[in-house]
Amino acid sequence: MLSTVLKSPSLSGHDTSRKSCLEKPCAVRKQDSRHGLLWNVALCCLLFTLNGLSEDSAGKSTSVRETLIRISTEKEGLVTHLYVENVQAADVTVTFEMELSNLEADVKFPYTVTLAGKKRLKLFALTPQQPNRGWSWTYTYYSTFGSTNVEHDNSYVYTLPYVPGKSYRVSQGYNGEYSHFGADQFAIDWRMPVGTPICAARGGLVVGVKNDSNIGGDDPKYDWDANYILVQHSDGTLGQYVHLQKGGCKVKVGQRIEAGDCIGLSGNTGHSTGPHLHFSVFKARDGKHRQTLPVRYKTADDFAVTLQEGRSYKASGSSAMLATGNVKGANVAVTDSAAGLRSSTEPDLLGARGSNAVGH
Ligand SMILES: [Zn+2]
């Protein structure tokens, strides 16, 4: 899994990315929260490369990179408190690394914390060791969808994510050579034509949707361009349905779904070698890495099977379910769950673009 570290200017376009990293005690209280920071932004970009993040590359990749968290600071005398806000509906895990000079923190680094959707937390406080001297701090953070504090319910048997009676071939299984290794080790790809109805493999709460991309190809530069649906399960794990066609996400953030509900239409957006559905269940290992989890599926022939690459599996269910396999909320167009939460008044210190890892 690639992890790409980038400075903020290349990502956010802010021209305020370089500030004095030194604070003079007498001036601190007069400065706004941006001062005193050497902005050293790092992103955990699972599967992402620098090319993939270049909006100008080939003039094609135009997707908006998602904000997962927002960092802010508050001063209390000489003490600086760092806060993090999760702007997503899904759990997000953040890992902070910090370089401190003449400062003491009340936590140890690297410091990892999971935030529930839409939550804001005080992370830690920085206190000058010798207040009569200057001090400096530099931080790097990594963020990714998912919680570290969850255990997958291994007794749960998943539904094949397509219409009952239909059969699709697993084009890449667990430990697949092309891309199912590292953080994507336990993902499954099913080869299927663009526009194939996708049904929920497990019920839960829809916590993320990307629906606006219509580009993709066999190139890492498309890593940010996959449409997807992200569902939080009852055990806290996340399920992600990836590469959906533009406008193919038929559910919205905040919607509860049941296993078997048809929630979207497959596609070929993002980094993809051809039309297929990529699905994985995962949690966060830390802010840098997601950890996919092996799950079993019921099929027309087996109650609980580990899917094998190269084999086709027919979804179980009656023909009645076929007839009622309606796509939910077909008229609902969801573009970006976080868009309404972006604030122009708060300092977007980091232009946080976490790892919305998009499988291949
Ligand atoms: Zn895949």
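Tutor: Two strands pair if DSSP finds at least two bridges between them. Helices (H or I, at least four residues) and strands (E, at least two) are DSSP runs, numbered from the N terminus. The model is predicted: local features need pLDDT of at least 70 and side-chain atom pairs count only at pLDDT 80 or more, while totals for chains, interfaces and linings use all residues. Residues are numbered from 1 along each chain as its sequence is written.

Student: In which sense do strand E3 and strand E7 pair?

Tutor: Strand E3 covers residues 79–86 and strand E7 covers residues 120–128. Over 6 bridges, their pairing is antiparallel.

Student: Which residue of E7 stands opposite Ala105?

Tutor: Strand E5 (residues 103–105) also pairs with E7, in the antiparallel sense over 3 bridges. In E7, the residue opposite Thr80 is Leu126. Opposite Ala105, too, stands Leu126.

Student: Is Gly317 buried, partly exposed or exposed?

Tutor: Gly317 lies in the loop between strand E23 (312–314) and helix H4 (319–323). A residue is buried if 20 or more other C-beta atoms, placed from the backbone, lie within 10 Å of its own, exposed if 12 or fewer, and partly exposed in between. Because 19 other C-beta atoms lie within 10 Å, Gly317 is partly exposed.

Student: Which residues is Gly317 in contact with, leaving aside its neighbours within four places in sequence?

Tutor: Two residues are in contact if their C-beta atoms, placed from the backbone, lie within 7 Å. With those neighbours set aside, Gly317 is in contact with Pro164 and Gly165.
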